[in-house]
Amino acid sequence: MKLTVKKMLIFMLMVLGMLGLTACGREVPENRVYSVDDLGGKKIGVQLGTTGDIYVSDLEEEAPGTVIERYNKGADAVASLKQGKIDCVVIDEQPAKAYLDVNPELRILDEEFTLEEYAAVIAKGNEELLSKVNDALEELRKDGTLQKIIDAYISKDEVKETKKEETEDAEEAGKTDDTEEKGDQKEQDESLPFSYEQKVTTGEKLVMATNAQFPPYEFYQGGEISGIDVDIAKAIADKLGRVLVIEDMEFDSIINAVSSGKADIGLAGFTVTDERKKQINFSEPYTTSKQVVIVRDDEAIREADSLKTKLYNNFIKDDRWIYLVEGLLNTILITIVAILIGITMGFLLALVRVAHDRNGSFKILNFFAKLYVTIIRGTPMMVQLLIIYFVIFESVNVSKILVAIIAFGLNSAAYLCEVIRSGIMSIDRGQFEAGQSLGLSYSVMMKSIILPQALKNVLPAIGNEFIALLKETSIAGYIGLQDLTKGGDIIRSITYEPLLPLLAVALVYLILVSLLSALVSKLERRLKKNER
């Protein structure tokens, strides 16, 4: 087993090296978009469900040949742009600037795509909360708190950049001295981003749904979600006398979460549109922004970071490896408990179906068991997970881990039912008849004769289901649960480096699957020894 894992590690390191060399040698196509008028007929990247997605969709009809590539994350769209898979990205201005901070080979067109207003989303029918949020926003606007929060993340960054350029110009002219440097340092210290600290710490919760991959409005910093929208939500919660709880999920799931009652309010740079108003209520706007176009900069100097630097930025800096560890623990917990539920339910369902196949009993139970297996095996796991979270548990506030365990357990039960049933049915019918002739009851015969043999036959299939379930948990992030894959996504949203986080996640899954395969093989060998 150790040898196998060692070989896997060596293989992954070789793949890493080859991918690194491939990335270094790849030529990126030249930029083809120089103004908004050039978007027609191009490949345009957008984040799924955003206003950028809404606005550029019209180009597909207006300009033949236009292709819209939709991504779950803005960072993925930017990565595709860098690789030349698309020609540009349409996205909000402030996140675009954040992407450019770590991607100097990109630039933003001077011409804006469109102007927009941001507002909070609140479920229809919850007009009381809507009124309270609007009142709170008005108070925050009047006392200056709202502008102070926005300035902390946007205006001060621009001021600091201006001061930096002025300092560099002064240094070149030889006009700086120690006194000026100390004064500049003091000004920089005073202009560090201010973070709103919530004053209310006990009482009723205000659950905020967001997508923490949209800097500077929401992003991960020091293991916590920060940003403009987060601070505004904290200030609103204080005005309402409630404690803010933040739920991070996919952007296109936020409105569903708010509408279904999983969250009280949604803030994630939501633009007010007529289409969205049909599904959700909007608060009064709290800021204005604009959609811009990101393109490749043909004149930029591309300097590739060393592997050591990339490893440091992705895993060591700010202890970012913790996101993977926390996600791994959730993945393992969900997998183990779900497989126990699957084995238990699958075994009971299999007994019902076998009893019906053998002697025609349990007709009604067999009908429902067969219907259950058909529905579960005939629909995608992700759809089942979303239905259980947003529909079945719509009005119940339960742990996301519990929801994931139930969803994956129920899914696994359907597959294990058929696995166990096929194992029992593979036992020669003569052994059933022999047991009956000896006067054994059905339960004793199953326990002592049939099931031990069936278990040996289906053990590899059960092991495969365990492995498949482990990998299927990677979709848990769609309900805002931090699993192993989601941990890698968080790192990518911070560093905008797709290769290493994805390889790290793949490597962990590979090691877990290798260990499980080795354990199943060992158990098979032990069962074969018992046959002798």
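Let's start inside a sheet: E116 stands opposite S289 in strand β13. Helices (H or I, at least four residues) and strands (E, at least two) are DSSP runs, numbered from the N terminus.

Before going on, a word on what you're looking at. This is a predicted model, where local features need pLDDT of at least 70 and side-chain atom pairs count only at pLDDT 80 or more, while totals for chains, interfaces and linings use all residues. Residues are numbered from 1 along each chain as its sequence is written, and side-chain values use heavy atoms, with hydrogens and water left out.

Back to β13, which spans residues 287–296 and is mostly covered, with eight of its ten residues buried. Here, buried means under 20% relative accessible area, exposed means over 50%, and partly exposed is in between (1.4 Å probe, protein chains only). Strand β4 (residues 106–108) also runs antiparallel to β13, joined by three bridges, and R107 stands opposite V295 in β13. Then there's strand β3 (residues 88–92), again antiparallel to β13, with four bridges between them. Along that pairing, V90 stands opposite V293, and I91 has V292 of β13 as its bridge partner.

Five of its five residues are buried, so β3 is largely enclosed by the rest of the structure. It also pairs with strand β1 (residues 43–47), this time in the parallel sense over two bridges; there, C88 of β3 is the bridge partner of I44.

Now zoom out. The protein chain has 20 helices and 13 strands, and 46% of its 532 residues count as buried. Contact means heavy atoms within 4.5 Å. Looking at contacts with a separation of 6 or more, 78% come from residues 24 or more positions apart.

For a helix pair, go to α14 (residues 363–378) and α16 (residues 400–425), which pack at an angle of about 115 degrees with their axes 9 Å apart. Those axes are lines fitted to C-alpha atoms, for helices over the stretch in contact, and angles run from 0 to 180 degrees between N-to-C directions. On the α14 side, the contact is made by Y372, V373, I376 and R377, and α16 brings residues including L410, A414 and E418. By class, that contact has eight nonpolar, one polar and two charged residues. Ala, Val, Leu, Ile, Met, Phe, Trp, Tyr, Cys and Pro count as nonpolar, Asp, Glu, Lys and Arg as charged, and the others, Gly among them, as polar.

Finally, two loop residues. E250 is in the loop between β10 (243–248) and α10 (254–259), and at 4% relative accessibility E250 counts as buried. Leaving aside neighbours within four places in sequence, E250 is in contact with N72, K73, N211, G477, Y478 and K486. The C-alpha atoms of E250 and T210 are separated by 7.8 Å, though the two are 40 residues apart along the chain.

Q482 lies in the loop between α18 (442–472) and α19 (484–495). Q482 is buried too, with a relative accessible area of 18%. Not counting residues up to four places away in sequence, Q482 touches Y323, E326, G327, N330, G487 and I490. With Y323, a polar atom of the Q482 side chain lies 3.1 Å from the backbone oxygen.

Note on methods
Pairing = 2+ DSSP bridges. Polar contact = N/O pair within 3.5 Å; in protein donor to acceptor, adjacent residues only side chain to side chain.
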